[in-house]
Amino acid sequence: MAGILGLNDTQSDILSVVYKLADDEDLLLCDTKDLKAILQFASENAAELETEYGHIAKQSVAAIVRAIVALEGEGADQFFSEPAINVADFFTTDPSGKGTINVLDSSSLINKPRLYSAFMLYLLSELFEVLPEVGDLDKPRVVFFFDEAHLLFSSASRELMEKIEQMIKLIRSKGVGLFFITQSPGDIPDEIASQLGNKIEHGLRAYTPAERKVLKAAAESFRENPAFDTMELLSQLGTGEAVVSLLDEKGVPGMAQHAWVLPPESYMGMLDDAQRDQAVKTSNLYLKYNAATDPDSAFEFLERRKQQQAQEQAAQEEAEKARLAAEKKAAKEQEKEEERQRRALERSVKSVASTTAGTLGRQLGNMLGGRFGSFGKKLGGNVGASIGRNLLGTLFKR
């Protein structure tokens, strides 16, 4: 996937960590949606994961997500989904033991070079991982022809080109043959062309200096045949003619040969929609790949975890609100009770103070009023009680 996305070394390391995290968490990655979900999870929990997986830079995660979104813009979210292509289907045979020809309808795919390159690398990577080593076979087990090959390389990043080159070198030992078909040999990068042993070149026309340069380069890529001038022959080839160079038994490129190609015996025109629909629906693989599936994978698992955490957090927040409300209510009740007790105490103190002050004042009045007889004693007691109550009441109010 790192090669498909065109990631640099740092971003590739982060992606490897994310795959390791998904494996440790037993999360199934089926499509780009799952990959973005686990990347987001790693970014959000980078601090907790750092001890076990190392530093997960959020900037690198963001760059990976942007690359995925760019690929999704060309349809990768549908192209790389379930059910995934099973490479074993390329090796099926008919009842007589003959192999089958599978045609990828890429009429829309050719307008999406990034996705086309990603598909090729994905397909070769799957074959490399699944197929056993078989060494140098007399005939390959399966052969792929990539038409409009310039689209595979025109928008490929340096990292993607390195992955494609590496895979082309390694895939031979798995018994897989590759042919790249394009209008001009210059469309294929030199590092890729150098890995291709068999060459079939049809006529090239050169009317400008740039075209003559391409023609010369194409002629020089063949092993020279003293019987003819390869460059001149290439410029004069007609329909059905070609210059061919094949590897011999020792793997050495043979000399250029002037060859005539037999016309195909198949239908030469394009299929209309009705013919294509009939061919698809009568295929043995129709039921297997017709309906897209969305298995319970990383995205669904992490969404459930996120919802569960949100529910738990909401429950905690609700419990905290209830606790605070109960404490506030209890505090109010306590404040009311304290106010009630304070008022009751104040009334009691005032009552006691008033009674005590009146009694003391009356005794003092009696003592003073006694000097004027019984009437003066009675009057002095009443006046003294009133003065005592007023005086002590004023003090309590203050």
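**Figure 1. Helix α4 and what covers its buried residues.** The cover over the buried residues of α4 includes α2 and α3 (32-44), in a model that is predicted. Helix α4 spans residues 46-53, and its buried residues are A46, L49 and Y53. These three residues lie on the same side of α4, because the arc that they cover around the axis is only 70°. A47, E48 and T51, by contrast, are exposed on the other side of α4. Directly after α4 comes G54, a residue with a positive phi near 85°.

**Figure 2. The packing of α2 against α4.** In this view the axes of α2 and α4 are 12 Å apart, and the two helices pack at an angle of about 90°. Angles of 65 to 115 degrees count as roughly perpendicular, and α2 is therefore roughly perpendicular to α4. From α2 the contact draws on V17, K20, L21 and D24, while α4 contributes L49, E52 and Y53. The residues of this contact of α2 with α4 comprise four nonpolar and three charged ones, with no polar residue in the set. Two of the α4 residues shown here, L49 and Y53, are also among the buried residues of that helix.

**Figure 3. The crossing of α2 and α5.** Helix α2 (residues 9-24) is shown here with helix α5 (residues 58-72), the axes of the two coming within 9 Å and crossing at roughly 90°. The pair α2 and α5 is therefore roughly perpendicular. On the α2 side the meeting residues are T10, Q11, I14 and L15, and on the α5 side they are S60, V61, A63 and I64. By class, the residues of the contact of α2 with α5 are five nonpolar and three polar, with no charged residue.

Figure 4. D26 counts as exposed, because its relative accessibility is 70% and the cut-off for exposed residues is over 50%.

Figure 5. D296 has its place in the loop between α14 (286-289) and α15 (298-369). With a relative accessibility of 53%, D296 counts as exposed. When residues up to four places away in sequence are not counted, D296 touches F301 and R304. The view also takes in L27, which is 269 residues apart from D296 in sequence, although the C-alpha atoms of the two are 9.3 Å apart in space.

**Figure 6. E148 in the loop between β1 and α8.** The residue in this view, E148, is found in the loop between β1 and α8 (150-154). E148 is not a glycine, yet its phi is positive, at about 50°. The relative accessible area of E148 is 27%, and this residue is accordingly described as partly exposed.

**Figure 7. K139 and V176.** K139 is placed in the loop between α7 (113-130) and β1 (142-146). With a relative accessible area of 67%, K139 is exposed. In sequence K139 and V176 are 37 residues apart, whereas in space the distance between them is 9.1 Å, C-alpha to C-alpha.

**Figure 8. A217 of helix α11 and M231.** Helix α11 covers residues 209-220, and A217 is found within it. A217 counts as partly exposed, its relative accessibility being 48%. M231 is 14 residues apart from A217 in sequence, and the C-alpha atoms of the two residues are 8.9 Å apart in space.

**Figure 9. The protein chain as the setting of the close-ups.** The secondary structure of the protein chain comes to 16 helices and five strands. The chain has 398 residues, of which 30% count as buried. Among its contacts with a separation of 6 or more, 69% are between residues 24 or more positions apart.

Notes
Residues are numbered from 1 along each chain as its sequence is written. This is a predicted model: local features need pLDDT of at least 70, side-chain atom pairs count only at pLDDT 80 or more; totals for chains, interfaces and linings use all residues. Side-chain values use heavy atoms; hydrogens and water are left out. Axes are lines fitted to C-alpha atoms, for helices over the stretch in contact, and angles run from 0 to 180 degrees between N-to-C directions. Helices (H or I, at least four residues) and strands (E, at least two) are DSSP runs, numbered from the N terminus. Angles under 35 degrees count as roughly parallel, over 145 as roughly antiparallel, 65 to 115 as roughly perpendicular and the rest as oblique. Contact means heavy atoms within 4.5 Å. Ala, Val, Leu, Ile, Met, Phe, Trp, Tyr, Cys and Pro count as nonpolar, Asp, Glu, Lys and Arg as charged, and the others, Gly among them, as polar. Buried means under 20% relative accessible area, exposed over 50%, partly exposed in between (1.4 Å probe, protein chains only). The arc is that of the directions from the helix axis to the C-beta atoms.
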